[in-house]
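Please read it beside the sequence and the structure shown next.

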Amino acid sequence: MPQPQNQPVISSAPAHPPRIVVIGNGMVGHRLVEQMQSQANGADLQITVICEESRLAYDRVHLSSHFDDPAPDLALATAEGYEGSGVQVIYGKAHGVDTAQKTIQVNDQTIHYDALVFATGSFPFVPPIPGRDAPGCFVYRTLDDLEQIRDTARGVKSGVVIGGGLLGLEAAGALQKLGLTTHVVEFAPQLMPAQLDPEGGQTLRRTIEDMGIGVHVGKSTSEVTLSDSGRVSGLAFADGSALAADLVVFSAGIRPRDDLARACGLALGKRGGIVIDDTCRTSAPDVYAVGECALHDGRIYGLVAPGYGMARVAAANILHGLNLCDGPATFTGADLSTKLKLLGVEVGSFGDAKGITEGCRTVSLSDNVRGTYSKLVLSADGLRVLGGLLVGDTARYNDLLDLALSGTPLTVSPETLIVPPLPGRAALPTPTNALICSCENVRADAVCAAIGDGARDIRALKTCTGAGTGCGGCVPSLHGLLQSELRRLGETVSNHLCEHFAYSRQELFDLIRVKGHRAWDEVLSAHGTGLGCEVCKPAVGSILSSLHGEYVLKPQHAPLQDTNDAFLANIQKNGTYSVMPRVPGGEITADGLIAIGEVARRYSLYCKITGGQRIDLLGAQRDDLPAIWAELIAAGFESGHAYGKSLRTIKSCVGSAWCRYGVQDSTTLAIRLELRYRGLRSPHKLKSGVSGCTRECAEARSKDFGIIATEAGWNLYVGGNGGVTPKHALLLAEGLDEPTLTRTVDRYLMFYIRTADRLQRTSAWLEGLEGGLDYLRGVIMDDSLGLCADLDAAMEQHALSYEDEWAAALADPATPARFRTFVNADTRDTGLQWVEERGQLRPAFAHELTQGLTPLPMAGGDD
């Protein structure tokens, strides 16, 4: 087999700027473009990206969050960003690569290159079984795949994922988010066979089954069975058993996308993959490969971190051949350690996790009560950590990974490393040069060096070191290291809100409360300097609203609000707004549904049911907002505060009123609490859930405060959240009657509002409380600080002073002028571009406009 050659990229500099073509625009392909731009030191490069998907690079690591509400923006690149940095994007599928002539065919174009990079990634493996192409069968790889799954899921009840690995479990979580009865089928005798041992797989299985997902291991699927109409009806297994399902997702592994490389004669591995050497060069001159399509030293890496490493190396060697950077770079392999959260379950695998080193020993702890499993693989003498597994609790992952990578001799008994720590226990004996970011392989010394060179905030550290630019999970550690290093350097670590206020948010809150300030000018004059900024103005506005509950668009308050609060609506990507009326507890009448539907039809609004049991109306133009809300208020609705840092929603199940398992009336309680806390301004948005039994259909333990019914009363959980860093809420109190529950929640929310930092979630706030949950119980239940009467009074004042913001806006004569699109004309914005999708209008994507799509008109209230 021909092997990659160690030749320079370009033997002589071309007369034109170097033409570098990248085939593929996934996460690794995009990182390669970034690396070439950052390493080129401003040199003129002609970079062309060939993108086969309809959208540019996006975050596949967090693909399942596409079904969250609200769905995060996963985009890593934009057309405007690429254009601004001189990167040309061609949408289409590359073909006809001629490595002798250095040309590529894309659509009807012929592109010349000086250096070519394959970043074509991989494709899902679909077992060759009958029925695999039937309607209702999908793979789980792209956002388009997810959209197709979501469309089909609307009309079915159950789904099954074939494959119990990392991506298979992610897919199962996505199906469950879509409301389907979900099953996972795995050929191996355990889940995640590539990462876990049998005991770890069994622990993971128990936890996932407790979530209501069916797990079927040791099953060989022989056929996708079909109904009389030709659609999926289930799976048949080789052992004669069967499983009914309406939708099938294949997630049985990946295969490198090497068909284009094969066609142009590049060396491939026996089982596929483009062969590369340590410089990421292929067997053809000036041709490289990175990511999941590349075969290095006989291995395909299916993780993003090794792909990023290849991107860095390939960029360096391309530029080195052009004399644009110093010295060649090499890729010598990558650590396959991973820490993930699958279906809310933490899983970590590092080093020799399976214990294949000759003479190694193991120590393990299986805790079926907590649902955790920990295992360490040790050297033959028991003095060094070689690897390990963590299921259910990965709090010590970074420390244990460091022990494995550094080979530091143990100074404590190995079993103490996996026993849950007790209060006051000493920290693990980790190396001083700790691993901070495993995605970018950034250690503490690199971060400290950047701080020593002048980096003074997280943004600067990301730019200097790359830490925090991958999955983002290390940002809290990065922030902590920044703070501690600045203290070590003798610098004052400021907790100031911003340059205009020499106080933390908590200190400023107390000053405003004690002094009785009611307006920005009073606060700034008494405690600040300068004119204020985009940080302190909204923060002070929020504090004033929390304390006094006044209409946020009163003349003295309006200049403090950010864009969303300024127009009492969420601004969207195309400059329109979303409208979300409050639907307490998710309960709505038929007349209410009809009223919302009529408004949506009249103003051509896109309708979306949210995960918080509300109806989101998207695409409203600013000047239509008052008219839309006038109709909604006339129909009995009020603001849902989806735009504010305030209570968003209290989700509920139907509880004992309807459900045969319900033990308490969860819907009524959810409505009462939502009406009590509506409009409560806080440091961050607040979400809640009330479940009528321990089956937990309202997902109360993923909320800032959640309530679960039992026969003995209500259990109260606090400090949970979803999002990028999910947290399970912790049990604060149990068996509460409704008055005690309400009083406890009152105090919890008011104590959080008074003491949390700006934009700090309740989970991070609770973790930062010295004494944690016990301290919180003491303050709000035992009145250890003597604050309870004050907290009670503050919440009662809020409940009594509540005023619907949109009703106040419509009563204000200045409202029409505030919501004009143009300050000097009553003209509407006619530049918005729309396309129809699934019977509704949505904003047109940039590539759709460049392809000549005819934009659709956007209707207005009276147009």
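The second largest cavity is lined by Leu 568, Ala 569, Asn 570, Ser 578, Val 579, Met 580, Trp 629, Ala 642, Tyr 643 and Trp 806. A cavity is a set of points, on a 1 Å grid over the protein atoms alone, where a 1.4 Å probe fits but cannot get out, and lining residues have an atom within 4 Å of a point. This is a predicted model in which local features need pLDDT of at least 70 and side-chain atom pairs count only at pLDDT 80 or more, while totals for chains, interfaces and linings use all residues. Residues are numbered from 1 along each chain as its sequence is written, and side-chain values use heavy atoms, with hydrogens and water left out.

By class, the lining of the second largest cavity has 8 nonpolar, 2 polar and no charged residues. Here Ala, Val, Leu, Ile, Met, Phe, Trp, Tyr, Cys and Pro count as nonpolar, Asp, Glu, Lys and Arg as charged, and the others, Gly among them, as polar. The space in this cavity is about 50 Å³, a volume being the space filled by probe spheres set on grid points that are joined across faces, edges and corners.

The structure holds 3 cavities of 30 Å³ or more. The largest cavity has about 130 Å³ of space. Its lining comprises 13 residues, with Gly 549, Gly 679, Tyr 802, Glu 803 and Glu 805 nearest the centre. Helix H22 (788-801) and helix H23 (805-811) are the elements that give two or more residues to this lining. By class, the lining of the largest cavity has 3 nonpolar, 6 polar and 4 charged residues.

The largest nonpolar core has 61 residues, and Ile 23, Met 36, Ile 104, Leu 116 and Phe 118 have the most contacts inside it. Helix H7 (residues 304-321) gives the most to this core, with 9 residues. Another core, of 55 residues, lies apart from it and includes Leu 497, Leu 547, Ile 753 and Leu 773. A nonpolar core is a set of buried Ala, Val, Leu, Ile, Met, Phe, Trp, Tyr and Cys residues joined through side-chain atoms within 4.5 Å; buried means under 20% relative accessible area with a 1.4 Å probe, protein chains only.

His 30 lies in helix H1 (residues 27-39) and is buried, with a relative accessible area of 7%. Leaving aside neighbours within four places in sequence, His 30 is in contact (heavy atoms within 4.5 Å) with Asn 25, Ala 57, Leu 76, Ala 77 and Tyr 82.

Helices (H or I, at least four residues) and strands (E, at least two) are DSSP runs, numbered from the N terminus. Two strands pair if DSSP finds at least two bridges between them.

| Hairpin | Residues between strands | Turn residue with positive phi |
|---|---|---|
| S4 and S5 | 4 residues | Lys 102, near 55° |
| S5 and S6 | 2 residues | Asn 107, about 55° |
| S13 and S14 | 5 residues | Gly 230, about 90° |
| S14 and S15 | 4 residues | Gly 240, about 95° |

Strand S14 (residues 232-237) is largely enclosed by the rest of the structure, because 5 of its 6 residues are buried. S14 pairs in the antiparallel sense with strand S13 (residues 221-226) over 5 bridges, and with strand S15 (residues 242-244) over 3 bridges, also antiparallel. Gly 234 is the bridge partner of Thr 225, and Ala 244 in S15 is the bridge partner of Gly 234.

Methods: Buried < 20%, exposed > 50% of the residue type's maximum accessible area, 1.4 Å probe, protein only. 1 Å grid on protein atoms, 1.4 Å probe; cavity = no way out; pocket = protein on both sides within 12 Å on 5 of 7 lines; lining within 4 Å.
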